Amino acid sequence: MQGLSSVGSQLVDLCSALLLLTCFAIVAQRRLSACVDLFALQSSFLVVTAALVAYLTGNPHIYIAAGLTGIIKVLIIPRVLKKVIDHLNVKRELVMHVNVPTGLLICGGLVMLAFFIAQPILPLGSLLTRDSLAIALAIVLIGLFTMIARQKAVSQLVGFLVLENGLFLGATAATYGMPLVVELGVFFDVLIATLIAGIYTNRLQDAFDSVDTDRLTVLKE
Amino acid sequence: MLNLLWLLLGGYGVGILLPLCLPGRPGLQQLTSNVAAIVGTSTGVILGLLGLTSSEPVTGSLASTIPLLTFTVRLDPLAAFFVLTISLVGLAASIYAIGYLQHFEERASTDTLGALFNAFLLSMTFVVLADNAFFFLLAWELMSLLSYFLVVTEHEKAEVRYAGLFYLIMTHIGTAFIVVAFLIFFQGTWSFSFEAFRHPAQPLPEGMKTLVFLMALLGFGTKAGIIPLHVWLPYAHPVAPSHVSAVMSGVMIKTAIYGLIRVYFDFFGGQFPWWWGFTVLLLGTTSALLGVMYALMEHDLKRLLAFHSVENIGIILMGLGAGMIFQAYGLRELAALGLLAGLYHTINHALFKALLFLGAGSLLYATHTRNMEEYGGLLRRMPWTGIFFLIGAVSISALPPTNGFVSEWLVFQTLFLSFQIPTVFLKLMLPIAAAILALTGVLALTCFAKAFGISFLAQPRSTHARQAEEVPVSMRTGMGILAALCVALGVAPMVVVPLLDQIVAPLAGISIASKVLAIDGWALAPVNVEFSSLSTPVLALLLVASAILGLGLAVVLGGRLTTRRSKSWGCGITLTPRMEYTATGFVQPIKRVFSTIYQPTVKLETEFLAESRYFSKRRHFEFHIEPIFEKYLYDPLVAFFGTLADRLKVIQAGSLHLYLTYMFVTLIALLLLAV
């Protein structure tokens, strides 16, 4: 049992690390549709992680959460986003607030920060997923950073979804998942948020002929 | 008794759901919702009566999944009394609404209106039944929000939206204070149960008690509409549909009185310094006097009634405040008397104010205007409404043989008995309060002489009034019930006093029913029969007898009774309605006398004919009274917050990225702080 749990723990760590890696890829990627693909990839890693945790701990409700992640974040949301991108006239992120190399450096710094913050907490935990907590925090921070660094509404939306992935990973890592009701609620929220943001992006395109959220400053009185 | 509670819940529940399930049939929607409300309120009346007469309080509890929240209800005499009041007024209003809502069918969605009305009555019932602070606040917020939605029923009008917003903001500020008061209790007991508030492990420190007193006074005071927190009331009450105005003005503001009694007498067990009572008395006196004075200047009938609510809340608080002062000095009998007077006036005001609002609604229904200057001559066209309105007016003016007289008499007596207090200051102050109450009563009488006279007597002042017709039976029934109760509570205090004593006895610690009811219940006495006493049945008999006597004498001595119809002599000029005494003219002397308070601005512009200045082409007359509290208290506050918001605009660049950066930086800073 000890052996299995140790191997399991390693596997969970590996999957979490892959999640983090895809984050960096998203930060480095300028093409919008590729960003969405990377997000789908990240979500599928999340499905694997959650399924692993479910198998190792024997909590059946995590399977349901994993399945829902698969349906919503791997299939539905990327499809919605692709539709939105089709509608746009710009397919690439040309000007960013922070350029790609600097962005990657900052993200590296954020990962270090996340591990530094999680350091005092990790030894206290006894769960096999405890190392993932630091990674989850890093993903959350990178997601938020992406939202700040990018100008196009679609990539900001991807940033938001990455952030949400980080939260989900954190919840799975720290407590073996939230109660199922809460998780269902969160999934629903994410789905609705994406739909609304998709519509909003299209409206933005129609109104400003651009999806730069910087243009929104003109709405201020 | 808990079964009755389920029945009540079921009745209102059906009233909430059923109208929403009947789309496209407004007539049926409003009928079902009102019938359900009648079932709910009738159950409430029975529940209230049972609770008042039963010796032990009944409790029931339902656990919830939310921490600290249990749905505990407790039907003690105090709660039962308020359930009874709410249900009585609610019953009359629901019957009335069956007819009244007919003219709303094109203007508002009757399904939501009916559902909201039921939910509103239900939430009020639970405000007074709740025995858990969390549950109480939940019901309280629901009550506030639902009444807001009812206020904005006719939301197409800008005036209605403004009133609704004003009300919503004020009521939330009030709730914030109540939350603070309950949180202070919570800190002392670590429980939200009222039972724990009543018997805390260690009593609250003096400073905290004072804070609770002030917070509860401000919080409940906002809902009650005591001056200077009353400003929302004359906006919100008039614009709601009239049966809702009746419930809001009649009972919703009374839930605040309930809250005050619950906190001061129940939670603190009547242990408080004298200045608490004095503060309540002072606020009550101010509200009573200024309320009636502003009411006098109103020509919008429903706004006038709303200002009278401020006045009557003031009178209730005078009774309560005097009771609190006596309680602080250990004069338990008098404390009980003050409390009893306050509670008596509470139910009386609920009945006659609801009656008057329903009457105003009938006038609105018949004439489509709230402006009194366009009424006139309605007594001949709407005799029933006229009689009922007259009974309400007599009641609110505290004239025998109606209920308003009895309770105001009791408040007077309580205030006069202040000579038993050992302090000279209070010995001086309470009679002054009594004098102001007398002034208030006189002004109220003037006000209703105006309201009734201008509306119902003389000739119609507008086409609307000329075409007015009597309202449907259901509306007359609703008003009739309340009118009958107004008279009944006036002539039969010997039935009411023992019931009220049930409430007062546990709170003041002494039963005074036997002392208040002198001579086997045929007379009322303020504890001490030698001091003064009053027999309302005899008074009523005397009044009836003198009326009969007068009529008899007229018949005997006056000769032949003939009816002669002819026009009044007008010095040769044909009299028109425009020559009638107007509402503005009627109150002109009072406006002059109290011009310091009103600060009136009168503007008269005359346009003369070009040929001669002896002939005017057009005259324009404007008259305003200064809304002192809005101008000197609220406007500066609003301006202050406006400037503050302007300053804060600096960080509101309107850029999404900047906002995200704020969040990001805050998150990182907090995370680093936590390490």
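What percentage of the 221 residues in chain A is made up of buried residues? Buried residues account for 42% of chain A. The legends below refer to a predicted model.

Figure 1. The C-alpha trace extends over about 60 × 35 × 30 Å along the principal axes of chain A. A compact globule of 221 residues would have a radius of gyration near 17 Å, and the 18 Å of chain A agrees with that value. Among contacts in chain A with a separation of 6 or more, 74% are between residues 24 or more positions apart.

**Figure 2. Model confidence along chain A.** Chain A has a mean pLDDT of 83, with 93% of its residues at 70 or more. Helix α4 (residues 100–118) of chain A has the highest confidence in that chain, at 90. Confidence is lowest in helix α7 (residues 180–208) of chain A, where the mean is 80.

**Figure 3. The contact between chain A and chain B.** On this interface, 13 residues of chain A are in contact with 10 residues of chain B. Helix α5 (residues 132–149) of chain A supplies four residues, the largest share of the side of chain A that touches chain B. Classified by residue type, that side of chain A comprises eight nonpolar, three polar and two charged residues.

**Figure 4. Overall fold of chain B, built from helices and strands.** Chain B holds 28 helices and six strands. Its radius of gyration is 27 Å, close to the 26 Å that the globule rule gives for 675 residues, so chain B is as compact as a globular protein of that length. The C-alpha atoms of chain B fill a box of roughly 95 × 75 × 60 Å along the principal axes. Of the 675 residues, 49% count as buried. For contacts in chain B between residues at least 6 apart in sequence, 78% join residues at least 24 apart.

**Figure 5. Packing of helices α3 and α11 in chain B.** Helix α3 (residues 77–100) of chain B packs against helix α11 (residues 254–267) of chain B at an angle of about 175 degrees, and their axes are 11 Å apart. The two helices, α3(B) and α11(B), are therefore roughly antiparallel to each other. From α3(B), the contact involves B:L78, B:F82 and B:T85; from α11(B), it involves B:K254, B:Y258, B:I261 and B:R262. The residues of this contact of α3(B) with α11(B) comprise four nonpolar, one polar and two charged.

Methods
Residues numbered from 1 in each chain as written. Chains lettered and ligands numbered in written order. Predicted model: local features only at pLDDT ≥ 70, side-chain atom pairs only at ≥ 80, totals over all residues. Contact = placed C-beta atoms within 7 Å. Nonpolar A, V, L, I, M, F, W, Y, C, P; charged D, E, K, R; others polar. Axes fitted to C-alpha atoms, helices over the stretch in contact; angles between N-to-C directions. Parallel < 35°, antiparallel > 145°, perpendicular 65-115°, else oblique. Rg over C-alpha atoms; globule rule 2.2 N^0.38 Å. Buried ≥ 20, exposed ≤ 12 C-beta atoms within 10 Å, placed from the backbone. pLDDT = per-residue confidence, 0-100.
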